[in-house]
Amino acid sequence: MQQTSTAKHYSEADQSTQRLRDKKLGDLMVNKRRLVEVPYTASLAHTMNTLVANKVLAVPVAGPVLAVPVAAPPGQWIGAGGSMIMEADKHTGTVRKHYIGLATMLDLLAHIAGNEDQLMDEGVHDGFDLDQKMSVPVSSIIGHCLEGLSLWTLNPNTSILDCMEVFSKGIHRALVPVDSHMDNVSGVELVESASSYRMLTQMDVLRFVKEHGSSGSELDNIMSSTVSDLGAVTERVFAITDRTKVIDAIKCMRIALLNAVPIVRSSDTDNEEDHKQLVNGKGRQAIGTFSATDLRGCHFATLQTWLPMSALDYTETVLANPLMAAFNNAAGSPTTRELVACRADSSLGEVIGKVVSKHVHRLWVVDQQGLLKGLISLTDIIRVLRLAILSEQNA
């Protein structure tokens with residue numbers, strides 16, 4: 001009797017896993033909103049305010065029609081990574097615009113931070129011309145950060161697992177054509193033409209997996225495994241201190257290609273600690289996070305007054321901002337300076353539940369004393385989840 005019950009359990013799990021494998025990206029895109037984009041001629045100030053107003057972290061760049069990725073007139077630009085992603089009239093096929101890259105909040109901040117060593121000492125207070133920096137066209141900053149050069153499309157016929165393979169390699173988002181002209185193609189593409197697109201993100205995939213896996217499910221064995229056993233924890237973790245200023249944090253993140261850093265307490269014993277540089281966060285007390293997400297609450301008009309603040313004070317100011325508070329309440333994100341973290345022995349299901357419910361893009365891994373042991377990014381989660389699903393299917 002026990003053997004029959006066990007066999008039935010695995011049979012149901014296999015069928016459910018197969019159902020997940022058979023799911024296509026089109027199943028995820030049903031309720032996705034219209035693409036937010038900016039024209040290639042838009043100023044950085046306009047682009048930043050668009051990001052804030054639409055509560056997004058990255059927009060494609062487009063033109064000449066305002067629509068928010070970065071878009072330009074056809075035939076005048078080479079797309080990021082050599083891509084040729086076009087929007088065309090559904091009936092005539094006439095190309096209206098060419099998406100040439102992504103503009104993220106980190107791109108904008110990297111441009112503001114620049115390469116000037118004297119920026120903090122002289123620029124922000126005296127000669128720093130933020131208006132001039134923010135008046136340049138958004139097309140001029142594409143590629144300041146690596147993600148801006150990663151403009152991909154995923155065909156709606158692509159399976160969830162194939163999409164997870166792409167997202168497990170550090171690609172955070174991709175455009176999905178609503179009515180692709182390449183119906184028999186699946187996978188990632190650099191060439192596409194469609195009448196409209198939607199943006200698919202790593203978070204969308206994990207939200208779908210969480211909802212799909214809550215029905216009692218093929219993923220039970222995987223979701224109950226610890227993130228440590230699955231190999232999801234990255235042990236090397238860079239941090240800033242509670243004395244690091246916003247402008248220095250931005251410069252550090254730009255150089256290290258990081259979208260977020262934990263904030264740790266300053267060392268009382270090390271008077272030589274450089275608060276303008278990243279520090280080794282492992283084994284130190286984590287008290288907060290500074291990330292591109294925080295910068296959604298930052299309108300251009302208020303940016304200059306916030307640059308000299310400590311990153312810790314800034315995060316507290318942002319969370320008190322009415323726009324950010326409203327967004328966090330709607331999205332389920334932290335509305336206080338909460339450290340969103342987990343343990344190395346947390347289950348994968350717990351971790352996915354936390355990143356989705358808190359709408360964060362990484363979890364800090366801490367011990368019982370709250371000391372940093374590493375981090376888990378969405379890329380890490382998707383990577384180990386995909387490998388575990390494939391391993392169970394092969395077994």
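This is a predicted model: local features need pLDDT of at least 70, side-chain atom pairs count only at pLDDT 80 or more; totals for chains, interfaces and linings use all residues.
1. In which sense do strands S3 and S5 pair, and over how many bridges? Strand S3 (residues 70-72) and strand S5 pair in the antiparallel sense, over three bridges.

2. Glutamate 87 has lysine 97 of S5 as its bridge partner. S4 and S5 make a hairpin with six residues between the strands, and in this hairpin glycine 93 takes a positive phi near 80°. As for cover, eight of the ten residues of S5 are buried, so the strand counts as mostly covered.

3. The protein has 16 helices and 17 strands. Of its 395 residues, 54% are buried. The accessible surface comes to about 17500 Å², and carbon and sulfur atoms account for 49% of that surface.

4. Helix H4 (residues 105-113) is a clear case of burial. Nine of its nine residues are buried, so the helix is largely enclosed by the rest of the structure. The student can check this along the helix: the buried residues are Met105, Leu106, Asp107, Leu108, Leu109, Ala110, His111, Ile112 and Ala113. Note that Asp107 and His111 are in this list.

5. Next comes a sheet of four strands. The sheet is open, its order is S13-S11-S12-S14, and the pairing is mixed. Strand S13 (279-280) and strand S14 stand at the edges with a single partner strand each, so one side of each has no neighbour in the sheet.

6. Within that sheet, what is the direction of S11 relative to S12, parallel or antiparallel? Strand S11 (residues 238-241) and S12 run parallel and are joined by two bridges. Threonine 241 has valine 264 of S12 as its bridge partner. On the other pairing, S12 and strand S14 (residues 286-291) run antiparallel, joined by five bridges. Alanine 260 stands opposite serine 291 of S14, and isoleucine 263 stands opposite glycine 288 of S14.

7. Why is strand S12 described as largely enclosed? Five of the five residues of S12 (residues 260-264) are buried, so the rest of the structure largely encloses the strand.

8. Helix H11 (residues 246-256) belongs with this sheet. Together, S11, H11 and S12 make a right-handed β-α-β unit. The helix lies across S11, S12 and S14, and runs at about 70° to S14. H11 is mostly covered, with nine of its eleven residues buried. The buried residues are Val246, Ile247, Asp248, Ala249, Ile250, Lys251, Cys252, Met253 and Arg254. Just after H11, leucine 257 takes a positive phi of about 55°.

9. A further open sheet has three strands in the order S15-S16-S17, with mixed pairing. Strand S15 (341-342) and strand S17 (372-377) stand at its edges, each with a single partner strand, so one side of each is left without a neighbour in the sheet. S15 and S16 run parallel, and two bridges join them. Alanine 341 stands opposite tryptophan 364 of S16. Helix H15 packs on this sheet, touching S15, S16 and S17, and its direction makes about 130° with that of S16.

10. In soluble globular proteins, nonpolar side chains tend to be buried together. The largest nonpolar core here has 44 residues, and the members that touch the most others are Leu154, Phe167, Leu200, Leu206, Leu348, Ile381 and Leu385. Among the elements that give two or more residues to this core are helix H7 (160-167), helix H8 (202-212), helix H15 (348-358), strand S16 (362-366) and helix H16 (378-394). H16 gives the most, with eight residues. There is also a second, separate core of 40 residues, which includes Leu44, Ala113, Ile142 and Val261. Ala113 is also among the buried residues of H4.

Key. Residues are numbered from 1 along each chain as its sequence is written. Side-chain values use heavy atoms; hydrogens and water are left out. Buried means under 20% relative accessible area, exposed over 50%, partly exposed in between (1.4 Å probe, protein chains only). Two strands pair if DSSP finds at least two bridges between them. A crossover is right-handed if, with the strands pointing away from the viewer, the path from the first strand over the helix to the second runs clockwise. Contact means heavy atoms within 4.5 Å. Axes are lines fitted to C-alpha atoms, for helices over the stretch in contact, and angles run from 0 to 180 degrees between N-to-C directions. A nonpolar core is a set of buried Ala, Val, Leu, Ile, Met, Phe, Trp, Tyr and Cys residues joined through side-chain atoms within 4.5 Å. Accessible areas come from the Shrake-Rupley method with a 1.4 Å probe; for residues, only the protein chains shown count as cover.
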